[in-house]
Amino acid sequence: MKVVRTRGECAQARAELGLGTTVGFVPTMGYLHEGHLSLVRRAKTECAAAVASIFVNPTQFGPTEDLSTYPRDLDGDLAVLEQAGCDVAWLPEVADIYPPGFSTFVDVEGVTAVLEGARRPGHFRGVATVVAILLNVVRPTRAYFGQKDAQQTVVLRRMIEDLALGVDMVVAPTVREPDGLAMSSRNSYLDPAQRAAAVVLHRALQATRTAYAGGERDADRLRTAMTEVIAGEPLAEPDYVSVADPDSLAELATIDPARGALLSLAVRFGRTRLIDNVVLPPSR
């Protein structure tokens, strides 16, 4: 596995792979878990080469968020990336992504105004900007993202289409722990009691999906179903529950089975905030 650090080194490594080579790209913020590695393995399986980046992006963190304490383990990350078959690992510094005088940002309107975007102002501006930079340097054939960050996938798909970036976006299913908790680097913040309680996110989503499968189409009743499950866990403090259109992310009154819906929620356990979601696919 080749390790590169600057834009120029990454561009050179990409050129060495060959312009006709299919390249799968997995952008990450490091502290890698099985969810990340499954994306790298899939990229390697579906493409001739796999490239991953590790960059804790400061522009997507708010002033009160966990930029300085975000978990990091660069040596461990490089070891598991190599085991997963990664061909190139790009480890840029902040000054290389945002050099002096940097003044261009990507704003995706509409779908960033709700859910995470409403609670984390500027978050998706930072996400869209850094992903645009990474894609333009790596120039992959396909870019791989996890479904756990559902709103992020909606935002980035819109950006890629609107800006004609020429990248196929692949969204892979959320990878979960055996008890159902979605894998996340922030799970490491949880103490044992919070970790045991955190499975309530998955239980709430599963209960709501079951209600939908049983014929419930009223979105308020489905939101109530999620809220009631969360309320049964004393350590859980819900931030939001949502039943939204899977493309516009607008909250629904009634689910049209022909369109499906996105069930999502954010819940705090002490100082740790976790998100999760389930897609209700369209039915024929």
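Helices (H or I, at least four residues) and strands (E, at least two) are DSSP runs, numbered from the N terminus. This is a predicted model: local features need pLDDT of at least 70, side-chain atom pairs count only at pLDDT 80 or more, and totals for chains, interfaces and linings use all residues. Residues are numbered from 1 along each chain as its sequence is written, and side-chain values use heavy atoms, leaving out hydrogens and water.

Which residues of α2 are buried? They are Gly35, His36, Leu37, Leu39, Val40 and Ala43.

## Two nonpolar cores

A nonpolar core is a set of buried Ala, Val, Leu, Ile, Met, Phe, Trp, Tyr and Cys residues joined through side-chain atoms within 4.5 Å. The largest one has 38 residues, and Trp90, Ile97, Val131, Leu135 and Met159 touch the most other members. Elements that each supply at least two residues include α1 (7–17), β4 (88–90), α6 (123–138) and α7 (150–162). α6 gives the largest share, eleven residues.

There's also a second, separate core of 26 residues, with Ala197, Val200, Leu205 and Leu280 among them.

## The β7-β8-β9 sheet

Three strands make an open, antiparallel sheet in the order β7-β8-β9; two strands pair if DSSP finds at least two bridges between them. β7 (237–244) and β9 (272–280) are the edge strands, each pairing on one side only. Nine bridges join β8 (residues 261–269) to β9, and leucine 265 has aspartate 276 of β9 as its bridge partner.

## Helices on the sheet

Helix α9 (residues 200–213) packs on the sheet, touching β8 and β9, while helix α10 (residues 219–231) touches β7 and β8. α9 and α10 pack at about 150°, with their axes 8 Å apart; axes are lines fitted to C-alpha atoms, for helices over the stretch in contact, and angles run from 0 to 180 degrees between N-to-C directions. Among the contact residues are Leu205 and Tyr212 of α9, and Leu222 and Met226 of α10.

Conventions:
Buried < 20%, exposed > 50% of the residue type's maximum accessible area, 1.4 Å probe, protein only. Contact = heavy atoms within 4.5 Å.
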